[in-house]
Amino acid sequence: MLVVQGLWTREGDLALWTESGRRRPGTARAHDLAELASRAPRARLLAAALARPADGAVLLSLPCTPAGTPLPSTARPRRDVVLRPVEVPVVRLRGLPAVQLLQELTATADDGAAAGVLGHGLRWLVHVAAQTRAAVDAGRVVPGVVVSGAGGGARARWEVLPDRRQRRWRTSVAEASPPQLRAELPAPRRAEEVLDEVSALVADLEVQARTAHLPPPGASSPAPAAPAVRGWLEALAGDGAWDPPGHPAAFARAAREWQRSADAEGWEVVLRVAEPPEDEDDPLDPARGPAVVAAPPVWTLQARLRPLDDPSAVLTLAQARAEHERGGPGGGPGAAVSGDDDPLLVLLSGLARAGGAHPPLRHRFSRAADGDVDLDLAELLDLVEAGAPALTAAGVPLLLPGRWSRPALTLSLSASAAQPGAVADPQLRQADLVAFEWRAALGGSDLTEAELRALAGARSPLVRHRGEWVHVDADALRRSADFLRRRGAGTAAVTDLLAAVAGSRALPAPVTDVRAAGVLGDLLSGAAEHRLEPVPAPAGLAARLRPYQARGLAWLAAMSRLGLGAVLADDMGLGKTLQLLALLAHEREAGTGGPTLLVCPMSVVGNWRAEAQRFVPDLRVHVQHGPGRPRGEAFARTAAAHDLVVTTYGSLLRDVDDVAALAWRRLALDEAQHVKNASTRSARAVRAVRAQHRVALTGTPVENRLEDLRAVLDAVNPGLLGSAASFRAAFGVPVEKLRQEEPARRLAVVTRPFVLRRAKTDPAVAADLPEKLEMTVRANLTAEQAALYRAVVDDLLARLADVDDTGKRGLVLAALTKLKQVCNHPAHFLGDRSPLLHRGRHRSGKLELLDGVVDGALAEGEKVLCFTQFARFGELLAPHLAQRTGGPVPFLHGGLGRRARDELVARFAEPDGPPVLLLSLRAGGTGLNLTAASQVVHVDRWWNPAVEDQATDRAHRIGQARRVQVRKLVSAGTVEERVDALVARKRDLAGRVVGSGEGWIAGLDRDALAELVRLGEDAVGE
């Protein structure tokens, strides 16, 4: 496959060379030109240039095989690739021919079929030239000067106006430059240098061509220009050669300052807190004592005026008055000054806004000659805490000293052996005591006891600590020091310690870390599943445990030894039943067994009996259910004679006295969400059972709210998370309602040792399962998309008032189609052939997500199937993705004949075939085997799970060697997200109600329809 590469050399040439298959990069051959003519027929200048013999070479650093053979830029990533210097023959174009070629290639880069001919570097140069021509079209050009060398010569040229818009574009395009542009040896150049050279050349030649018919500059000017300026203008009209009077570099600097004057957009008023001078006698050396110094009683607040185009040049109030008296910057006495340019008026206006935003500042600066006022400590802290947000909103930012911080005060808990080796002892029990120590930290850095006492003793909310001004909660410091003095260390049971963490509302500061050693440390860190000593598979187990199941057995065995209640929360279908039966078999062989009481729903009693017989035939199982079940002493004898007693939640409630009278080795709760309501009689019956160890099995530890998790954990570790009321206050409201992060982290710290959760999507699990991972990925709308979406919704709701039920269906379905198109891309909805990107930025949140998926797949050497229900959108995506991937992206749609379709599929299946295949959902949904792909993206939704599943199964089918990842893109806050949520919640309902696509939506009344299609407040991204 032919690819033409381009590089802008240090000599100012456009160097071209070709890559084709495994052949060494260099000049084109006859068959290369023939391929170019067929794939890019409009690239006549490029074909003519490549037909010339090489006129030099460039030394490039290219990826090569270990043997030194250069690899094409389109080659798949390889582990053995090395960068080596390679001399590549090139064809060179200079000046106008180079610019004309880049202009011609603009159309080629926009042509999906031909875009793959151009390599990354050449496409980037084409983009730079096209955007420069757009700037010329807009008139954003100014005269410029470039010094031609150390000898002092200069050249006049036209340049793009270097304003903020140009600088932002320059930065974003430079960041997107491909590495080929900087590959020239011996010293690579910055992308900005290449961009500036190309942009200046294009701008200069374009302006010259467009102004050639105009009279010489200055010919009709009523006032003669200075000789230097007149010579400058004449050189611009000629060939640019010019010998300016004086030093050329000085004139170039003056010209650059003149250009920058177009970007001066006024002033900014800022308030700055000046840092007080340090006292050399302050005890900042830790060796001399705690590094804590109380803040001085008086601080200085400075009012300053800062030019927007030069933030480092600030004016005081006195200097602003002086500028005002001189008539403004650059003016003389008596010169007229507008309000926007008068620095004194701007500063006074800003100070008035500051006084309105923070009333204590009102009139404070009017009596300050230099704009500096003194604040006592209380006034300063009030300004920082209450005034700063209001000042920022008023456009007067408050600047604090660079060494000012407001770190959080936190606590950490460490547990160690009460006796040597105790925590690491595998026989450590729940009631055994461990030594603990609380520590305080400020901003994540531990405080020594002396530092904490010194901070608390300072009795000031602002102190200098370790070289910084630290804004602290003095009351929390005092309470923390008192807490550590009284309860900072001691011994306690493991669950009592964690219960203290969970109930940390009574603690003086939030708990952010809990640490321990040995097995307990592994449990607390969440690493127990992988670090615990493996448990040999029991000889009596008639099954082979998968790796994650073997780790689950080791975890359950460790929790049993520690006497800690365990919640095995694996996804449905991962074998929770088998793991618990393996634990019983393991303990039975080790001689540590005893009767286990298993409580489960009635519907799975038979399954437990059958699974036990299947996997552990020697296990003695009794089902305690039915009218003939033993009671009283008979039940006690029956339980003692069996390893596993299976009963239901209803039977336990009726037999609670008999069950509670026995001491069980273990209580196991299957489908433990049945006890999520702790106030029910069944939940109270479960808590009445006496057992050495408790296990809960559930695939949904949190069904609706966090209280579900508390109830399940309380069933296996009573009292761990406190009462329902205290838990709701500590976690339920802060996490669920207020979305606070710290309580969520603390809850994770407390619950981590007791819950083992593995999902089907976990990498360690997926290797043992059918390889298909499905996910819904939400994309925010851009501002452009949101505006179009609102317009469609408003038009729909307005027109609904004027149609009857007969016309309503067509109107609604047409509007839904438009909304889907808007969610895809503005260019899809508008049909105006506008580019998919605007100045390098995405116009569609979905397209940005799709680009990320494609980039990630390419990096991993994977292929992607991309489905859309709109053929027109596929036609827009194909050239964009081709430019992204550096090669053609085929599009399989209903308009293709059988032969073309078969050839396309066969080409995609080849190892070096296209990395991305676009498909229309209907044409590509059935009858294809596309197992070369391992990534599937549904860009827009059919709203029929069966249709989407059929499409996904093109890749997820027999013969697929990789895990298939399926992403369904949904625009957040739109009708797409709401219908997707309905399908996700009620997949069985979707088969009956949503099975025909979106037709059911047309039957909704106006209010329900308006709610469905409305634009959510969080729909638009940053």
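Biologist: Which residue is the bridge partner of Gln624 in strand 26?

Modeller: Thr647. Strands here are DSSP E runs of at least two residues, helices are H or I runs of at least four, and both are numbered from the N terminus. Two strands pair if DSSP finds at least two bridges between them. Strand 25 and strand 26 run parallel, joined by four bridges.

Biologist: What should I know about the model itself?

Modeller: It is a predicted model: local features need pLDDT of at least 70, side-chain atom pairs count only at pLDDT 80 or more, and totals for chains, interfaces and linings use all residues. Residues are numbered from 1 along each chain as its sequence is written, and side-chain values use heavy atoms, with hydrogens and water left out.

Biologist: Where does Thr647 lie, and is Thr647 buried or exposed?

Modeller: Thr647 sits in strand 26 (residues 644–648). Buried means under 20% relative accessible area, exposed means over 50%, and partly exposed is in between, with a 1.4 Å probe and protein chains only. At 3%, Thr647 is buried. Contact means heavy atoms within 4.5 Å. Leaving aside residues up to four places away in sequence, Thr647 touches Leu597, Leu598, Val599, Cys600, Gln624 and Leu652.

Biologist: How do I read a strand's two faces?

Modeller: In a regular strand, side chains alternate between the two faces of the sheet. Take strand 33 (residues 864–868) as the case. Val864, Cys866 and Thr868 point one way, Leu865 and Phe867 the other, and all are buried. Five of the five residues are buried, so strand 33 is largely enclosed by the rest of the structure.

Biologist: Which strands are joined to strand 33?

Modeller: Strand 35 (residues 916–920) runs parallel to strand 33, with five bridges. There, Cys866 stands opposite Leu918. Strand 36 (residues 935–938) also runs parallel to strand 33, with four bridges. Phe867 has His938 as its bridge partner in strand 36.

Biologist: Which sheet has mixed pairing?

Modeller: An open sheet of four strands, in the order 13-12-10-14. Its edges are strand 13 (372–376) and strand 14 (398–399), each with a single partner strand, so one side of each has no neighbour in the sheet. Strand 12 (residues 298–307) pairs with strand 13 in the antiparallel sense over five bridges. Leu301 has Val373 in strand 13 as its bridge partner.

Biologist: Which helices lie on that sheet?

Modeller: Angles first: axes are lines fitted to C-alpha atoms, for helices over the stretch in contact, and angles run from 0 to 180 degrees between N-to-C directions. Helix 12 (residues 377–393) packs on the sheet and touches strand 10, strand 12, strand 13 and strand 14. Its direction makes about 115° with that of strand 13. Helix 11 (residues 343–357) lies across strand 10 (267–274) and strand 12, at about 60° to strand 10.

Biologist: At what angle do helix 25 and helix 26 pack?

Modeller: About 145°, with axes 9 Å apart; helix 25 covers residues 706–716 and helix 26 covers residues 724–737. Leu706, Glu707 and Arg710 in helix 25 meet Ala724, Phe727, Phe731, Val735 and Glu736 in helix 26. The residues of this contact are five nonpolar, no polar and three charged. For those classes, Ala, Val, Leu, Ile, Met, Phe, Trp, Tyr, Cys and Pro are nonpolar, Asp, Glu, Lys and Arg are charged, and the others, Gly among them, are polar.

Biologist: How many helices and strands does the protein chain have?

Modeller: There are 39 helices and 37 strands. Of the 1022 residues, 49% count as buried. Among contacts between residues at least 6 apart in sequence, 73% join residues at least 24 apart.
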